[in-house]
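This briefing covers confidence, fold, core packing and charged pairs. Please look over the model below before reading on.

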Amino acid sequence: MGITDNKNDNKTTEGESAFQTGYIRQQHLDKISHGDPTVKNILISKSIEAFTENEIKLKKLFDAGDTDGFLRELHKFKGSVGVIEPHQLYPIALELEQQFKQLGPEERAQRVTMILEHLRNVLEELRLILQ
């Protein structure tokens, strides 16, 4: 089973953003924050901080060709994603982690690009929730 990019139904035209929403389940955030808006905002802020750091490290390690470092960081990323459970991100990260060493360089690059795009969308959606 390959990783699929579920953005086919999210076509953009000139002047529109490619940003996709629907990653964050508000009910889950409310559940893990026990309905407390302050706790919810802290969870979101900490997730933004962690995901931003993950994005930078994943890109840096991949670009440097550090396979072991990249896989370690990807594993940590999966753990941080598990807290707020953004839709699609965990299964994509899990599959990439499991298949990474068997993929050729071009396929690796495509999948890393895709997961980073999903991650940027999650970050954007989390920032919108905080507004």
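How many salt bridges does a search of the whole structure find? The search finds 9, a salt bridge being a side-chain nitrogen of Lys or Arg within 4 Å of a carboxyl oxygen of Asp or Glu. This is a predicted model, in which local features need pLDDT of at least 70 and side-chain atom pairs count only at pLDDT 80 or more, while totals for chains, interfaces and linings use all residues. Residues are numbered from 1 along each chain as its sequence is written, and side-chain values use heavy atoms, with hydrogens and water left out.

**Confidence**
- The average pLDDT (the predictor's confidence in each residue, from 0 to 100) is 84, and 84% of the residues score at least 70.
- Residues 1-19 have pLDDT below 50; beyond near neighbours in sequence, this stretch has 31 contacts in the model, where contact means heavy atoms within 4.5 Å.

**Fold**
- The protein has 5 helices and 0 strands, taken as DSSP runs numbered from the N terminus (helices H or I, at least four residues; strands E, at least two).
- Of the 131 residues, 37% are buried (under 20% relative accessible area, with exposed over 50% and partly exposed in between; 1.4 Å probe, protein chains only).
- Among contacts between residues at least 6 apart in sequence, 67% join residues at least 24 apart.

**Nonpolar core**
- The largest nonpolar core has 27 residues; such a core is a set of buried Ala, Val, Leu, Ile, Met, Phe, Trp, Tyr and Cys residues joined through side-chain atoms within 4.5 Å.
- H2, H3 (67-84), H4 (89-99) and H5 (105-130) each give two or more residues to this core, and H5 supplies the largest share, 8 residues.
- Leu74 is among the residues with the most contacts inside the core; leaving aside neighbours within four places in sequence, Leu74 contacts Leu58, Ala93, Leu96, Glu97 and Ile115.

**Charged pairs**
- Glu85 and Arg25 form a salt bridge at 2.5 Å, N to O. Glu85 is in the loop between H3 and H4 and Arg25 in the segment before H1, so the pair ties together parts 60 residues apart in sequence.
- Glu55 and Arg120 meet at 3.1 Å, N to O, linking H2 to H5 across 65 residues. Glu55 is buried at 17% relative accessible area, whereas Arg120 is partly exposed at 39%.
- Within H3, Lys76 and Glu73 lie 3 residues apart, about one turn of the helix, and form a salt bridge with their closest N and O atoms 3.3 Å apart.
- Glu73 is buried at 5% relative accessible area and touches Asn54, Lys57, Leu58 and Leu61, not counting residues up to four places away in sequence.
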